[in-house]
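User: I'm new to reading structures and would like to learn about pairs of charged side chains. Could you walk me through some?

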2 protein chains.
Amino acid sequence: MKVVRKRCEDTSLPRVVIVGGGFGGLYAARSLDKLPVRITLVDRRNFHLFQPLLYQVATGGLSPGDIASPIRAVLKRQDNVEVLLSEVVDFNLEANQVVTRDGALDFDFLIMATGMSHSYFGHDEWAGLAPGLKSIEDALEIRRRLLSAFEQAEKCTDPAEQQRWLTFAIIGGGPTGVELAGAMAELARGTLKRDFCHIDPARARILLIEGTERILPAYPPELSRWAAEKLTRLGVEVLTGTLVTSLAVDRIKLSGKHAGEVEAGTILWAAGVQVAPLGRILAKRSRAETDRSGRIKVNPDLSLPACPNVFVIGDLAHVPGPDGQPLPGVAPVAMQQGRYMARVLSARLKGKPCPPFRYRDKGSLAVIGRNAAVAHFSRNNLKGWPAWLAWVFVHIYYLIGFDNKLVVMMRWAFNYLTRKRGARLITGPFPTSTEQEKEIFGALQVVD
Amino acid sequence: MKVVRKRCEDTSLPRVVIVGGGFGGLYAARSLDKLPVRITLVDRRNFHLFQPLLYQVATGGLSPGDIASPIRAVLKRQDNVEVLLSEVVDFNLEANQVVTRDGALDFDFLIMATGMSHSYFGHDEWAGLAPGLKSIEDALEIRRRLLSAFEQAEKCTDPAEQQRWLTFAIIGGGPTGVELAGAMAELARGTLKRDFCHIDPARARILLIEGTERILPAYPPELSRWAAEKLTRLGVEVLTGTLVTSLAVDRIKLSGKHAGEVEAGTILWAAGVQVAPLGRILAKRSRAETDRSGRIKVNPDLSLPACPNVFVIGDLAHVPGPDGQPLPGVAPVAMQQGRYMARVLSARLKGKPCPPFRYRDKGSLAVIGRNAAVAHFSRNNLKGWPAWLAWVFVHIYYLIGFDNKLVVMMRWAFNYLTRKRGARLITGPFPTSTEQEKEIFGALQVVD
């Protein structure tokens, strides 16, 4: 008889299927360690990604491996978890099953934590023109475009074309847009300063375009103002109250306060998010209500009204906060909801009621650049150097994986001291043997 | 009047065009700092790659950014160099021009240092079946295949299919093949040991297939024997005297000592190199003699017989060593030839003769695994722990970029102490919204 050594093989335990290995799913899996359940965590990627630092990968400050940890490694010591690298494509909620590319999985409880993807507000054709920043691949593509733009500017002789390559537009003035703009300004004015022969990277125009009246609209107005001033001093043009009406390869049409047309060789998207297709499928299958971005409205214990054994956590869940506004789609919310899963499932297993989920807001942080960040705590606002220090330590603290913390700390210390960004590699597919070469070589062989 | 601030803008200086930013090209550029020349270094990548550690990226021990440095950053302080990110596609040697994708470049002296690419010995259709290891993209593709194979094995229920996914074949027993085999054995038997629920990664079969009678044929027989024993103890099956006669997706036909058929889910190529198309074009255009792999035969001062102002260095050059055999295609040869460019050009500018290039062989090193390497110096052979230490320090010493050295040193210390490999990310393009999802979602919308 086979001895069951690991709890994840013990089929007598109720099975929890978690979809998604982001902050919500991973914290849920970890918090369920003590419970008499077996867990299957399904993700189509084999790593957990620390999204708050993704903009650093996009701007060449960090490598993908610095901000990602293999999910299997993170959960290695927890013997009631099995990790499945697969993609969930549908649900059969009547039969308590999720359908993956590798077959159906039965569940007793389902935790959906699949997050959000970009929203182009109905203009999906903009995706190729203005990439957004959600995945490692996105970050490397943005890095490729940023660095290639300077290379193109260095090579071209037409001043108008050169200026177009040296113009970067970021659409969306939330934390991601602000962080990208700040890091790009530092890249252009600091790191790349003496790298080129024919251009001065400091001449780069960096535009931050925000539709509402101020950047960082979720922060107190005082911090928005300070951040805008700081960005302006770094050389970013902050265009608030300005909407994008159309996009072309190197051209943006704007309406509002700064109406007109801008030529920009690189356009990045940091404006909106919406529920990915899988979240929409779950909403349909469970006949759940959704909000405008497609986030699913849940019960106070984060379960679905029509399916009490299905929970939705993280960005995908629409949970009203104390002020009636939905909780923001940030990592701390997802982490706390993940941990709450242990409480609610423990109560369910005992047949007891569970108090509703309550978000404890410990504050929010956004970084603008070296020595500059804004922090909003319940009673205090911080800005500048103290906020930056808080930001650095909070972000390193929550990085998963001890080696990542050390390496990221060291890279930052190094970047800080030297203003260098070592991970400025342009990677990705490129033609190894060009058509032109083939022609030439073909011709040569014929001539011989 | 515009003041010329940088020597690279001083058109009165003779112009040296260097093609390729590998060891040869980069060391040539650096060594020409003191000479009254202006230099244009052309590469299609914006970074110098430390190829000897590429196998570490392929096996998840290091990140791409750890072993690459932006060429512009490396040459930043040298004001007689201009870096051009472009691709050379042809030569017009009568007019002293190289043709790039961005137009023609005039040169007074040309230094070709474009290295080699894989050779499948006439079986180019094998490239997709058995990727080789030359670029960052190659390394990430190999990493993706290695790690995905374990994921596939974990998911499948058919024992034969599982064993196929757990079989890895490396074709070619030179340093790259040996290093890959050793690192893969440690990955399977160490790092991944407790990562899976349904498979035991230690059951993985790792085959190292070599056509000649011993692995590491360029080393003394004693070291080859020791390396084979060490690999065997790590769990690698070393099949020497064995040739590959055909390849399919998961199947290899072998002839020779271990004739037969092997089913392997992952096949890697470390067997042969040949000159890339551009080198072949140069050979044709200059009517230079080439050897079997297409390497160009040069004068004792590394110039081309028909074009005395064109030099070929690094792997692309066929230079006889003291024993009459061509020098091996390794980094130290390329570095010394790069440095020799300063001597030969200095002499040329003064109209003096230059002594021929002489390679000073300081020894060679190959690593097998943790604590195990072989080193061959002129008088001594080293193996085991002392060779491993020598290997680690030599490789860190020659890594270009101070931050890389620190980070790589730390990652190694960490990997060494914990046997972890933190950079085990499966990245690359994947379908974000699958056909299946679209169908389901389309159907749902119709139903509504």
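Analyst: Happy to. Let's start with a helix in this predicted model: B:E141 and B:R145 both belong to helix α4 of chain B (residues 136–155), 4 residues apart, or about one turn of the helix.

User: What do the side chains of B:E141 and B:R145 meet in?

Analyst: First the general idea: side chains of opposite charge can pair when their charged atoms come close. Here, B:E141 and B:R145 meet in a salt bridge, at 2.8 Å from N to O. B:E141 is partly exposed, with a relative accessible area of 24%, and B:R145 is partly exposed at 25%.

User: Which residues are joined into one network by salt bridges that share partners?

Analyst: That network consists of A:R164, A:D250, A:R251, A:E261 and A:E263. Within it, the side chains of A:R251 and A:D250 form a salt bridge of 3.9 Å, N to O. A:R251 counts as partly exposed, at 29% relative accessibility.

User: And how far apart in sequence are the parts tied together by B:R411 and B:D66?

Analyst: The closest N and O atoms of their salt bridge are 2.6 Å apart. B:R411 lies in helix α11 (residues 402–418) and B:D66 in the loop between α2 and β4 of chain B, so the pair ties together parts that are 345 residues apart in sequence.

User: Are B:R411 and B:D66 buried or exposed?

Analyst: Buried means under 20% relative accessible area. B:R411 has 6%, so this residue is buried; B:D66, at 0%, counts as buried too.

User: How many salt bridges are there over all chains?

Analyst: A search of the whole structure finds 51.

Key
Residues numbered from 1 in each chain as written. Chains lettered and ligands numbered in written order. Predicted model: local features only at pLDDT ≥ 70, side-chain atom pairs only at ≥ 80, totals over all residues. Heavy atoms only, no water. Salt bridge = Lys/Arg side-chain N within 4 Å of Asp/Glu carboxyl O. Buried < 20%, exposed > 50% of the residue type's maximum accessible area, 1.4 Å probe, protein only. Helix = DSSP H or I, 4+ residues; strand = E, 2+ residues; numbered from the N terminus.
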